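Please examine the sequence and the model shown below.

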Amino acid sequence: MTIFEQYKGKYESLQNGLDALLDEAEGFMEWMDKMADEFEGSPDRSKQHLASRFRGGPQRREVTNFIEAIDGPAADALLRIYDRLNIIDLSEKGEFV
């Protein structure tokens with residue numbers, strides 16, 4: 001197995017992991033929306049308070065920040081790792097100058 005093939009396998013594993021993490025984080029956001037919908041009409045004030053926090057409070061901000069970190073800097077770094085994959089391929093073929 002070439003270095004390119006090994007690197008590609010590691011890259012694909014990272015890509016799949018990042019995609020799965022992003023899906024999970026977005027699912028967390030959807031869950032908070034569902035809970036907020038469910039709690040908004042509740043006569044229980046603590047549930048109403050949670051609904052508000054899930055809509056725009058610290059819980060929402062933290063999950064939003066987490067998603068932005070995954071879909072921003074982490075995704076950008078992964079793109080640069082992919083660029084290196086192409087460089088390794090060309091190097092192994094003797095085509096990279």
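This is a predicted model: local features need pLDDT of at least 70, side-chain atom pairs count only at pLDDT 80 or more; totals for chains, interfaces and linings use all residues.

Residues are numbered from 1 along each chain as its sequence is written, and side-chain values use heavy atoms, with hydrogens and water left out.

Two packed helices are described by the angle between their axes and the distance between the axes. Here H1 and H2 pack at an angle of about 145°, and their axes are 8 Å apart. Helices are DSSP runs of H or I with at least four residues, numbered from the N terminus. The axes are lines fitted to C-alpha atoms over the stretch in contact, and angles run from 0 to 180 degrees between N-to-C directions.

In the contact (heavy atoms within 4.5 Å), H1 contributes residues including Trp31, Met35 and Phe39, while the residues of H2 include Leu50, Ala51 and Phe54. The residues of this contact divide into eight nonpolar, one polar and five charged. In this division Ala, Val, Leu, Ile, Met, Phe, Trp, Tyr, Cys and Pro count as nonpolar, Asp, Glu, Lys and Arg as charged, and the others, Gly among them, as polar.

Side chains of opposite charge can pair when their charged atoms come close. The structure holds six salt bridges, each being a side-chain nitrogen of Lys or Arg within 4 Å of a carboxyl oxygen of Asp or Glu. Arginine 55 pairs with aspartate 33 in one of them, at 3.9 Å from N to O. This pair links distant parts of the chain, since arginine 55 belongs to helix H2 (residues 45–56) and aspartate 33 to helix H1 (residues 3–40), 22 residues apart.

Arginine 55 also forms a salt bridge with aspartate 37, with the closest N and O atoms 2.1 Å apart. Aspartate 37 lies in H1 and arginine 55 in H2, so the pair ties together parts 18 residues apart in sequence. A salt bridge of 3.1 Å, N to O, joins the side chains of arginine 55 and glutamate 40. Asp33, Asp37, Glu40, Arg55 and Arg60 are linked in a network of salt bridges.

Arginine 55 counts as partly exposed because its relative accessibility is 32%, and glutamate 40 counts as partly exposed at 44%. Partly exposed lies between buried, under 20% relative accessible area, and exposed, over 50% (1.4 Å probe, protein chains only).

How values were computed
Helices (H or I, at least four residues) and strands (E, at least two) are DSSP runs, numbered from the N terminus.
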